[in-house]
Every structure is written in structure tokens, then in C-alpha cells.
Amino acid sequence: MNQKTLTLIEQSSNIALFLPPTPTLDALIAAEVLAQAFTGQSKHVGFPAHVSPPAHQQKHFFQALSSASPLPRELVISIDTTQSPVAQLKYEKNNGSLDIVLSPKDVTISKEHITYKTGDIQCDCAIILGGENIDSMECGEEMPPDFFTRTPLIRLHTKEQGSEKNEADYLDPEKSCLCEMTYILLSLAHQSALTEETASLLL
């Protein structure tokens with residue numbers, strides 16, 4: 001692992017965790033521990049696919065996976081300015097709300113000429129746990145075609161084969177499992193001491 005891996009994670013506010021379609025217990029534990037650590041740093045952690053904690057494990061050990069949420073997406077508001085010309089756009093913040101104010105140019109702006117749609121996924125980097133490439137990962141939601149070209153990828157794997165290596169990959173065949181790699185990653189990232197429950201998961 002090099003400094004680029006740590007720097008990329010440190011500078012990311014929104015992080016995606018990708019797991020294989022049938023993740024091993026090792027991969028699930030690594031995902032849980034990483035999600036807890038990143039959330040503790042006020043980062044948003046998203047799982048592109050639904051993740052179910054192991055049925056035979058105590059559920060309170062997998063709090064992050066049990067409450068996993070998708071990645072946040074932009075909301076795009078479009079106005080047909082050929083039908084409702086806009087002279088000025090401004091926004092106002094009032095008591096926890098945000099008002100977007102559209103000033104008409106000629107005629108009153110009609111609601112019929114305003115549409116809403118989802119925009120880009122907010123993701124600063126994506127971590128692939130236990131997969132050789134992104135094609136081997138589970139993507140429950142439809143990902144935009146350019147997501148994997150514009151989003152930096154970090155592969156965590158105990159194998160070095162696979163697609164062309166990224167600069168930020170953490171591949172180490174000398175490590176026995178993803179849990180060991182996760183512990184090293186968080187230690188080098190100067191994380192605070194692991195909780196007793198988190199430490200128990202890694203054992």
C-alpha cells in the first residue's frame with residue numbers, strides 16, 4: 001500500500017464500498033469495520049447494492065451493514081425556458097430550508113414547465129473489497145456509464161492478478177485476509193482505537 005491510497009481516502013467525503021455478489025464473511029467484516037471507521041470521520045459511506053449481515057452472526061455486530069444506505073445523488077431541476085423565460089435565479093436560506101427563487105422574464109413561470117430528475121452519484125472514491133475488478137462486484141442500482149471512469153478506484157485484495165493495477169490499489173498476497181489488510185489500513189490512517197466490538201470482529 002502506498003501513500004496515494006491513504007491520501008485518496010482522507011480527501012474523500014463520499015465513499016462507496018463494493019462487495020462481490022456472494023461476499024465471504026471476511027469481506028463483510030472488512031466492509032463493516034471500514035464503514036464504521038469512515039462514518040466516525042463524518043464521511044458518508046454508500047453501498048451500491050443491498051448488503052445483508054450474516055444470518056448466523058449477532059446483528060448488533062453489523063450495525064453499519066444493517067443500516068446501509070445507497071450513495072447520495074444530485075437532484076436536477078430543469079426549466080423549459082422557451083415556454084417560461086427566466087430573468088434571474090437566486091436562493092434563500094430560511095430556518096433550515098432552502099428556497100430557490102425564479103424571477104420571470106416576461107410571463108409567470110408555470111409549474112408545468114419545471115421537471116425533476118436524479119443527477120450524478122456523489123462519490124469521491126470507490127473501494128472494491130475482495131474482487132479482482134469492478135465487473136466482479138455487485139451493483140444493485142443502475143450506475144451511470146461514466147461512473148467508473150470518473151471515480152477513483154481502490155482494490156483491496158490478497159491477490160495481485162486481475163485488471164491493470166491502479167495507483168491507489170492495496171494488493172498484498174502476503175496477507176492472510178481482508179480483515180488483516182483493513183486493520184493495517186486503518187492503523188496507517190491514524191484512526192482512533194477500535195471499539196471492543198469492532199476489534200472482536202477483526203479477530
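T5 lies in helix α1, which covers residues 3-10; helices here are DSSP runs of H or I with at least four residues, strands are runs of E with at least two, and both are numbered from the N terminus. The model is a predicted one, in which local features need pLDDT of at least 70 and side-chain atom pairs count only at pLDDT 80 or more, while totals for chains, interfaces and linings use all residues. Residues are numbered from 1 along each chain as its sequence is written, and side-chain values use heavy atoms, with hydrogens and water left out.

With a relative accessibility of 1%, T5 counts as buried, a word that stands for under 20% relative accessible area, whereas exposed stands for over 50% and partly exposed for what lies in between, with a 1.4 Å probe and protein chains only. When neighbours within four places in sequence are left aside, T5 is in contact with I154, A168, D169 and L185, contact being defined as heavy atoms within 4.5 Å.

Although E167 and N2 are 165 residues apart in sequence, their C-alpha atoms are 8.2 Å apart in space. Not counting residues up to four places away in sequence, E167 touches N2 and K4.

Strand β4 (residues 86-94) pairs with strand β5 (residues 97-104) in the antiparallel sense, over eight bridges; two strands are said to pair if DSSP finds at least two bridges between them. Two residues lie between the strands, and N95 takes a positive phi near 50 degrees.

## A nonpolar surface patch

L75, I77, L89, Y91, L98, I100 and Y116 form a nonpolar patch on the surface, and together they have about 810 Å² of accessible area. The elements that give two or more residues to this patch are β3 (73-79), β4 and β5. Patches are made of residues with over 30% relative accessible area and no salt bridge, where like charges are joined within 9 Å and nonpolar side chains (Val, Leu, Ile, Met, Phe, Trp, Tyr) within 5 Å; the accessible areas come from the Shrake-Rupley method with a 1.4 Å probe, and for residues only the protein chains shown count as cover.

Y116, one of the patch residues, has its place in strand β6 (residues 114-121). At 57% relative accessibility, Y116 counts as exposed.

## Salt bridges

Side chains of opposite charge can pair when their charged atoms come close. A salt bridge is taken here as a side-chain nitrogen of Lys or Arg within 4 Å of a carboxyl oxygen of Asp or Glu, and by this rule the count comes to four. Among them is the pair of K90 and E92, whose closest N and O atoms are 3.9 Å apart; K90 is partly exposed at a relative accessible area of 36%, and E92 is partly exposed at 35%.

Another of these salt bridges joins the side chains of R150 and D146, at 3.3 Å from N to O. R150 counts as partly exposed at 34% relative accessibility, and D146 also counts as partly exposed, at 34%. K175 forms a salt bridge with D172, with the closest N and O atoms 2.8 Å apart; here K175 is buried, with a relative accessible area of 18%, and D172 counts as buried at 14% relative accessibility.
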